[in-house]
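I opened my notebook on this one with a few things to look up. Here is what I jotted down.

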Amino acid sequence: MLGKTAGGLFWMFRNLERSENTARMVEAGQRIALTRSASDDEWTSVLQSAGVLWGYNEKYDEVTRDQAIDWMLRDRANPSSVMSVVESARNNAKLVRTALTREVWESVNECWMVLKDTLARKVSERDLPHVITQIRQRAAFVRGAMHGTMLRNDIYDFARVGTFIERADNTARILDVKYYVLLPSASAVGSSIDNVQWESILRSVSAEGGFRLTYGQEVRPREISQFLILDKRMPRSLVFCCEKIRDNLGYLAQDYGTRLPCHDMADSLCRQVSERRIEDIFDTGLHEFIGSFIVDLVALSRQTELDYRFYE
Amino acid sequence: MTQQQSQGQGQSQSQTFDEMWGREAGLREPYAPFNNWFADEDPARLRRKQREAEEVFRLTGITFNVYGREEAAERLIPFDIIPRIISGREWSKLARGIEQRVRAINAFLHDIYHRQEIIRAGRVPAEMIAKNAAFLPQMIGVTPPGGVYTHIVGIDLVRTGDDDFFVLEDNARTPSGVSYMLENRETMLQMFPELFSKNRVQPVSNYPKLLHRSLSACAPAACTGNPVVAVLTPGIYNSAYYEHSFLADKMGVELVEGHDLRVVDGRIAMRTTQGYQPIDVIYRRIDDDYLDPLNFNPESALGVPGIMDVYRSGGITIANAPGTGIADDKAIYSYMPDIVEFYTGEKAILQNVPTWRCSEADSLAYVLDNLPDLVVKEVHGSGGYGMLIGPTASRKEIAAFRDKLKARPSNYIAQPTLSLSTVPIFTKAGLAPRHVDLRPFVLVSPEGVKITPGGLTRVALKKGSLVVNSSQGGGTKDTWVLEE
């Protein structure tokens, strides 16, 4: 496979994952704005979790709901807006067209066509739920086409590595922004403000239902951390993503018969999460833990690009 | 799709030959089963099918990019659901003529870059070659692997009567449009399977397999084992990118860009996830000028530095060979009947459109006297730029063109306006005749010349228009060649 193709697959699926994650964060932000008397401060933290606050502040003087949503969904000046990443996913899909089945290509192409149309105009409050649903559905169609039609070979592996690096990054960033409400010191009180924040965290990773199933109705910060960092059943948890990254890189090593530096890095990242208990993490400091996880994840992503010659 | 125009204009409708209805004689035989089917069809269903077809094309991404038009960066080429039908007998004759012409073109190219016998014999003037920008001195004395110069050729044909086909242009560089030939057929098979039960249509679907085989058969001396083929594209923003990825996909080969390639140990190698691996045959879809910044345009970022040196030493096959443009140049075109005769010893089976070379005094005088009736083209132009279509031009345009022509006569050729044949398209009001041309695709290898039965039919969708160019409102049709 061409190095360029591996890179195209990696970024195509990172971008698709990002489109869905961004939509989910907008949804969580909107939900909280509607159900509680929260201020626009919530949108600042949403923008921050999505990693797009800096660019937003370059363009706007104040954070408002409408502007934040527009920036995250439509603005082409924001390279991580849903429209930007979907377009970029499609361009990558074009680049790697020969590596994709017709079904996968058509689902990406249709995703782009539909969203280009939907996001051509400002999204009104009334239309927001429908638009969010569309974004999530389109990403699901691509994933479905991929699972159903693609060979399980190096093409699939690079796509999966991209997906899970992006997803781990997303969950880690949410935790990074909200870590202070998850500290044990905060849990003693369990004020209504905390409850809002806890719900917001779970919603932004579509985990309310999963959490209830696992821990019951009572939401406690320690368990949220446990769930999002260490629960191997939770498909957006850090440990789940890390194991997927490690496994898929491992298939590549087997397939090509060569172990490379990125494989050692993936193993070590995996151990960082899977061999820890939540108490240890709180002892060393949640914020420090997340911070170093993000740094290592970025380094792993870079090393993968190098080892598999994505670029010249 | 290449930007070019079919010329011809000004004939009244009664003179025009319609491929379904003839001139006046009534329904032509190849269309009989189709006509029966059509008579029983509900127009509403057909209209629905027409929309469905467009949806399929959009979803598949069979689009072409239009430069400099941001809002419509990707557009569909309109597809018309009425097939163009050619009988097996008509096709056999065309195919013989095409094969003869393509063999002559290859012999001509070999001769031009070696002994230049045709110039010594006085059949083509020396300045036609020496002063021609399409002539590549870098190719002098170079014999491509297998002796093949034009691995893929598109011959543009127009028809004016039952038995009258003319070659309008030879495309010997990087002819495009073959993906439309294949996708148009796929679409028709899906939408109207019953039509294919009623008509015995020769298949086109093995083109990618033949292409792969044909390219593999031209592997260079350095190739050991199964030839590795790759398609070289300028990238996703190129107007024909869809076709490049389509062909790579259907052949099961890599689609590479210049920055994926470099010279490694005297071979061209592509950067894979496991290091550099050599390529044997490169089907390039970039122009000569961009192929190698060390040997041609130093500004080019699309090509591979040093590829020409590897080529000359037998390390890679480039298809089509560099320098083939000298054979499809508009000035050379007028010599094609001589060229065919010189190398094959036979009269050309396919006719040329009569052409006046304005470099010759008598011809120039004639052309200047008859501008309103003629089509005048720039010798080195392409894309329909800088041409005059006399019958539709205003007096002012003709006067302005006359000055240009007088200033540099050798820069122009002139041709009579032809009455291009029509084929029906499906409109709101039912069938309506529209002008068409035809580009069959030809593969050349040491194993022989293979012509896919059919080709790309381009159709001018506007009533009376002779411009089939996709950038100017042209569409495409499925082209059927019936079994004999």
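I began with the largest nonpolar core, which has 156 residues; L73(A), I229(A) and Y207(B) have the most contacts inside it. By nonpolar core I mean a set of buried Ala, Val, Leu, Ile, Met, Phe, Trp, Tyr and Cys residues joined through side-chain atoms within 4.5 Å, where buried is under 20% relative accessible area (1.4 Å probe, protein chains only). Helix α8 of chain A (residues 154-182; a DSSP run of H or I, at least four residues) gives this core its largest share, 13 residues.

A note on the source: this is a predicted model, so I kept local features to pLDDT of at least 70 and side-chain atom pairs to 80 or more, while totals for chains, interfaces and linings use all residues. Residues are numbered from 1 along each chain as its sequence is written, chains are lettered from A in the order in which they are written, and side-chain values use heavy atoms, without hydrogens or water.

Next I checked confidence. Chain B averages a pLDDT (the predictor's confidence in each residue, from 0 to 100) of 90, and 94% of the residues score at least 70. Over residues 1-13 of chain B it is below 50. The complex has an ipTM of 0.87 and a pTM of 0.91 from the predictor.

Then I turned to the interface. I found 24 residues of chain B in contact (heavy atoms within 4.5 Å) with 27 residues of chain A. The rule finds 3 salt bridges across this interface, each a side-chain nitrogen of Lys or Arg within 4 Å of a carboxyl oxygen of Asp or Glu. I also noted that D249(B) and R97(A) meet in a salt bridge at 4.0 Å, N to O.

How values were computed: Buried < 20%, exposed > 50% of the residue type's maximum accessible area, 1.4 Å probe, protein only. Helix = DSSP H or I, 4+ residues; strand = E, 2+ residues; numbered from the N terminus.
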